[in-house]
Structures are given as C-alpha cells and as structure tokens.
Amino acid sequence: MKAVRIYGEKDIRVEDVAIADPKDDEVQVKVAYCGICGSDLHAYLEGWGLPTVPHPLTGKTVPITLGHEFSGEVVKVGQDVSNLQVGDKVAIEPLIACGKCENCRKGDYNFCNNAVGPDGSGNFLGFSQDGGFAEFANVQGVFAHKLPKGMDTKLGAVAEPTAVVYEAVKRSHLQEGQNVAIMGAGPIGLLMALLAKISGANNIYIVDVSEVRLKKAHELGIEKTLNPNEVDVNEAIRKELPNGVDIAYECAGAQATFDTALKVTKRTGTLQVVALFGNDVSMNMTDDVIMQGINIVTTLCYNNSFPAVLGIINNNQDDFRKIITKEIGLDQAVDEGIKTLSEDKSQVKILVSPDL
C-alpha cells in the first residue's frame, strides 16, 4: 500500500509498504480521510515526538506512517473484537495506552504511565505507531468508534481535534450562559469557539492577529472577533463585561496570548490551557493568579469522549463542514498539506485521502 512515512526532521517520503493482518484485538481500516494537525508540522520541522529508540509499548522506531486524525471503513476484524464488523464506518481515537497502569485503570489513559518513550516519543498513532496517512491502518478495536448512521467519513476525520476541545470544555466546567474568550483562531481555536457556541456560552470572544482567520470565525457564527493589533483586547472585553469572562481558553501557545488570557479572566474565573507551548511561560503568580483567585487548568488529549463528540458533530454537521477547507491526496501531503498549513492562514482543516 501507499503510505506517507517520516524518517526524521524534514524527511518525509511517500512509499509502498506492506501491512500485516490485524492482531487479535485490532481491526484493519481502509482509510477514507486523515486530517493534518499542527503536531504533524512539528514532527516534520523538528522531528518532534518521534521514536528514535524502540517505543516502550509499540517497539517502533522511525520510519513511522504519519497521521492521527482519521476515519475509514473496517475491512478486517481480529478474533477478539466483538463490537465491530466488516463494513462499519469508524473514527479512530489515536491514543496508545497500556491499559494496566494506575492512570489507565482509573480512566485517564491519555496519561498512561508507560506510553511515553525515554526520548519523548508520544502516545499517539502517527508518532509511535503507524497512523492514517496510508491506504490502510491497523488499530485497536477499542479505539475504533462507529460513526452515527449516515454520517460522512469526512466529518469522522474531524472527530479527533474536536475531542481535544471537548476535553477542554469538560475540564473548564463550561456552563450554559457563561462568557468566554478564546486566544487564537487557528484550527483548535475555531473548534473551541464552535463548541462553546454549541454548549450555550453567552458572549464568545475570539482573538487573533489574522483577519483571514477572524473572518472564518464569523462564518462559524462567532461575531465578537478581536484583533490585538487594532484594539486593546482587555479594554474591549471589559467595556462589555466589566468583571471579565468566566473562562479564557488559551489556544495559541504564546506568552502574549497567555498574558491576555490572564487579564481578561474575571476574579475566581478559569484560564483553560488548550495549546502546547514551545517555550517557557512566565507570570506574576502572586498578583495575577493567587490574588485574583484564577484557576489555571491544563488538558492533554482526551479520554472517554469520542462517542459524545461524534454525536455533537452529527447534530451540527453544517458548522463542522465549514472547518474542512481543502482535500488532497497522499502524494500532496507534504507540499500542499503540511507546508501549506503553516503558511496559508485561510486553511483550517486539510484532509488527506488515499482516494484522491
């Protein structure tokens, strides 16, 4: 089969590779669509998250087939898998977990104690095990979730990044009628705004320096867009909400946006960190956090969320279709996919399909 394989920093090759039959607890999926994530860009540019020594759970080292946001159709079923059959359309939850450690046993398998390698290789398909930029993929049956009846596999490929922001909704305890601000209008920030709207948030502010991305927010029904190059974000929000917002979602991963998130959050409010940060962040812990009673909450991936997320997407299909901005084939995954996502601010979710 054809697969997009990463060997290391700035070394991605489209190759013909063999694929084994699924193990007893696995299914084999004919990939329909696989989204490109910002972490794929980091893997390409920096070799981030890739196993250079055998991963503790998978035993894999580079090269690895990239891709973790994918959907498809079950074509083979391992003998121990009883909840799936050939022909089922599924979205893949791409986590790697041992299922035996303390965190796995209590349901926090996204924090599996055995799933991160000594070299920092991650707990994801597409990083420490072959992923979805290929014609076929083998995945554990427990991590293949049936799509709602009649739901398009394109929307199934949006489930993974939506699960990321759904976890942020869970962790921040967002309630209907609360006010929120979202730092960053990239793919995760836009999905965060969309889920806040679906969850019944009252005022939703989204902040970005890119007018193209703010325009996309308008297309999703988010009217309160703020460009920090043009307005003082804290001043603009507090003109309408003198006490600030209940929850600020940090979806950009930069010092400047973190600072703004702290400023706009009301006393006793929540700053929910969604993005990963490439550099250290500083803050005045006493004056800006403790004395304000602000709760800073982090999240990593998701757990036990996919069935709910697929239901949300299925009930709001028109909005989630607007997130998909480009579709390409495997041969175009690097030049028209990964590189384009880093340069073209009009792109939200680029899907790769083996059939194109």
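Author: Helices (H or I, at least four residues) and strands (E, at least two) are DSSP runs, numbered from the N terminus. On that basis, Asp-355 lies in the segment after strand S16 (349-352). The model is predicted, so local features need pLDDT of at least 70 and side-chain atom pairs count only at pLDDT 80 or more, while totals for chains, interfaces and linings use all residues. Residues are numbered from 1 along each chain as its sequence is written, and side-chain values use heavy atoms, with hydrogens and water left out.

H4 (residues 159-172) packs against helix H10 (residues 306-315) at an angle of about 110°, with the axes 9 Å apart; axes are lines fitted to C-alpha atoms, for helices over the stretch in contact, and angles run from 0 to 180 degrees between N-to-C directions. H4 is therefore roughly perpendicular to H10 (angles under 35 degrees count as roughly parallel, over 145 as roughly antiparallel, 65 to 115 as roughly perpendicular and the rest as oblique). On the H4 side, the contact (heavy atoms within 4.5 Å) is made by Ala-159, Glu-160, Thr-162, Ala-163 and Tyr-166. Their partners in H10 are Phe-306, Ala-308, Val-309, Leu-310, Ile-312 and Ile-313. By class, the residues of this contact of H4 with H10 are nine nonpolar, one polar and one charged (Ala, Val, Leu, Ile, Met, Phe, Trp, Tyr, Cys and Pro count as nonpolar, Asp, Glu, Lys and Arg as charged, and the others, Gly among them, as polar).

H4 also meets helix H5 (residues 187-198), where the axes come within 9 Å and cross at roughly 55°. That angle makes H4 oblique to H5. The crossing of H4 over H5 is right-handed (left-handed if the near helix is turned anticlockwise from the far one by less than a right angle, right-handed if clockwise). From H4, the residues in this contact are Pro-161, Thr-162, Val-164, Val-165, Tyr-166, Ala-168 and Val-169. H5 contributes Ile-188, Leu-191, Met-192 and Leu-195. The contact of H4 with H5 holds ten nonpolar residues, one polar residue and no charged ones.

His-173 has a positive phi of about 60° although it is not a glycine. At 58% relative accessibility, His-173 counts as exposed (buried means under 20% relative accessible area, exposed over 50%, partly exposed in between, with a 1.4 Å probe and protein chains only).

A further helix pair is H7 (residues 233-240) with H8 (residues 255-264), packed at an angle of about 25° with axes 9 Å apart. H7 and H8 are therefore roughly parallel to each other, and H7 passes H8 in a right-handed crossing. Val-233, Asn-234, Ile-237 and Arg-238 of H7 touch Thr-260, Lys-263 and Val-264 of H8. The contact of H7 with H8 divides into three nonpolar, two polar and two charged residues. In strand S13 (residues 265-273) sits Thr-268. Phi of Thr-268 is positive, near 70°, in a residue other than glycine, and Thr-268 counts as exposed at 59% relative accessibility.

Helix H1 (38-46) has Ser-39, Asp-40, Leu-41, Ala-43 and Tyr-44 as its buried residues. Their cover includes strand S1 (2-8), strand S2 (11-16), strand S3 (26-35) and helix H12 (333-343). Just after H1, Gly-47 takes a positive phi of about 70°. Pro-56 lies in the loop from H1 to strand S4 (64-65) and is partly exposed, at 44% relative accessible area. Leaving aside residues up to four places away in sequence, Pro-56 touches Asn-114, Val-116, Gly-117 and Pro-118. Pro-63 is found in the loop between H1 and S4 as well, and the peptide bond from Val-62 to Pro-63 is cis, with omega near 5°.

As for cysteines, the whole structure has zero disulfides (a disulfide is a pair of cysteine sulfur atoms within 2.5 Å). The sulfur of Cys-101 has its closest cysteine sulfur in Cys-104, at 3.7 Å, too far for a bond. Cys-101 is buried at 9% relative accessible area, and Cys-104 is buried at 11%.

Asp-355 is exposed, with a relative accessible area of 57%. Its C-alpha atom is separated by 6.8 Å from that of Gly-329, 26 residues apart along the chain.
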